[in-house]
Amino acid sequence: MCTIKTMANHVDSQLHFIRINNKAKERLAMILRWNEMKQDNQRLENFHDIMEHAPDDPDYNWYHDHIGPKWCYFEEYDLDFMHCTSAWGWPEQGYTWLIDELREHDPYLLAKCTYEDEGPNFYGVAGWGPQGFEDYYMDTDEGVEYWKKDKRFEFIQPYLKINEEDERPDEFYELLWQAIGEHQHILWEGDCRGDVELYDETEMQEAEFNKDGTPKKNIMTSW
């Protein structure tokens, strides 16, 4: 059986703040030293640079315990989005620490992370919201099996079959990342978001929010 697995190392992750109030965004700006870095035309390089409790030169063990992977650095970031590259896995502990810091100012914050390694051996989507945290991890070979059965992947289905040389056509690899992105979107909209978002049981739908990020009805969070 043909598999996609390769000896990959780098994992890309993209953290999106979908709903965040002004106080939490101000706290995020402080954590990122936004005004200071912007004034000096600089940016932070490593994830531990935003953590006040980090040692000056953290080793792999500290990174593993506090951030997740043995190293993690920023590709780009602003006050709505963060893109990191890390070793072997996505920085779940690091992102969760950041979300917890912001939740002190915004208990209704909603954030989404998509991640994929360079193989790609795996990909997934995770979310933090008023109802807690969820992570939908997908092995790429398992993802391919899902794509075979779902009409939303018709664009890649003609190229999923393995030939006699135990290989797939070039078109498969040209469309692979598009399929992964589509599956991440499906996992978020169909599963992950509903698990972490506030739910109005009386209306049988997601809660509605005011412009300041508070729910229009008094519904408690569960985290």
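Biologist: Which side chain meets that of Glu 208 in a salt bridge?

Modeller: Please keep in mind that this is a predicted model. A salt bridge is read from the gap between a side-chain nitrogen of Lys or Arg and a carboxyl oxygen of Asp or Glu, which must be within 4 Å. Here the partner of Glu 208 is Lys 216, at 3.8 Å from N to O. Glu 208 counts as partly exposed, at 47% relative accessibility, whereas Lys 216 is exposed, at 53%. Elsewhere, salt bridges with shared partners link Arg 19, Arg 193, Glu 197 and Glu 206 into one network.

Biologist: How many salt bridges does a search of the whole structure find?

Modeller: The search finds nine. One of them joins Arg 27 to Glu 101, with 2.8 Å between N and O. Arg 27 belongs to helix 1 and Glu 101 to helix 4, so this pair ties together parts that lie 74 residues apart in sequence. Another joins Lys 148 and Glu 145 at 3.0 Å, N to O.

Biologist: Are Arg 27 and Glu 101 buried or exposed?

Modeller: To answer, one looks at relative accessible area: under 20% is called buried and over 50% exposed. Both Arg 27 and Glu 101 are buried.

Biologist: Which residues of helix 4 are buried?

Modeller: The buried residues of helix 4 are Gly 94, Tyr 95, Trp 97, Leu 98, Ile 99, Glu 101, Leu 102 and Arg 103. The length of a helix can be read as well, by comparing its span with an expected value. Helix 4 has 12 residues and extends 16 Å from its first C-alpha to its last, close to the 16 Å expected at 1.5 Å a residue.

Biologist: What is the nearest side chain of opposite charge to Asp 106?

Modeller: Asp 106 is buried but has no salt bridge, and the nearest side chain of opposite charge, that of Arg 19, is 6.0 Å away. The side chain of Asp 106 does reach the backbone nitrogen of Tyr 108, at 3.1 Å. Asp 106 is placed in the loop between helix 4 and strand 4 (110–117). Leaving out residues up to four places away in sequence, Asp 106 touches Arg 19, Ile 20, Asn 21, Ala 24 and Gly 213.

Biologist: Which residues other than glycine have a positive phi here?

Modeller: The general idea is that most residues other than glycine have a negative phi, and most peptide bonds are trans. Arg 33 has a positive phi of about 50 degrees, and Asp 166 has one of about 60 degrees. Arg 33 is in the loop between helix 1 (22–31) and helix 2 (34–39), and with 32% relative accessibility it counts as partly exposed. Asp 166 is in the loop between helix 5 (140–147) and helix 6 (170–196), and it is likewise partly exposed, at 37%.

Biologist: Where is there a cis peptide bond?

Modeller: The angle to read is omega. The bond from Gly 119 to Pro 120 is cis, with omega near -5 degrees. Pro 120 is in the loop between strand 4 and strand 5 (122–129).

Biologist: With which residues is Pro 55 in contact, leaving aside its neighbours within four places in sequence?

Modeller: Pro 55 is in contact with His 48 and Trp 62. Its place is in the loop between helix 2 and helix 3 (60–66), and it is partly exposed, with a relative accessible area of 33%.

Biologist: How many helices and strands are there in the protein chain?

Modeller: There are six helices and eight strands. From the N terminus on, their order is β-α-α-α-β-β-α-β-β-β-α-α-β-β. The C-alpha trace spans about 60 × 50 × 30 Å along its principal axes. Of the 223 residues, 48% count as buried. Among contacts with a separation of 6 or more, 60% are between residues 24 or more positions apart. The accessible surface comes to about 12,400 Å², of which 45% belongs to carbon and sulfur atoms.

Definitions and conventions
Residues numbered from 1 in each chain as written. Predicted model: local features only at pLDDT ≥ 70, side-chain atom pairs only at ≥ 80, totals over all residues. Heavy atoms only, no water. Helix = DSSP H or I, 4+ residues; strand = E, 2+ residues; numbered from the N terminus. Buried < 20%, exposed > 50% of the residue type's maximum accessible area, 1.4 Å probe, protein only. Lys, Arg positive; Asp, Glu negative; His and termini not counted. Polar contact = N/O pair within 3.5 Å; in protein donor to acceptor, adjacent residues only side chain to side chain. Contact = heavy atoms within 4.5 Å. Expected span 1.5 Å × (residues − 1). Areas by Shrake-Rupley, 256 points an atom, 1.4 Å probe, with all protein chains shown as cover.
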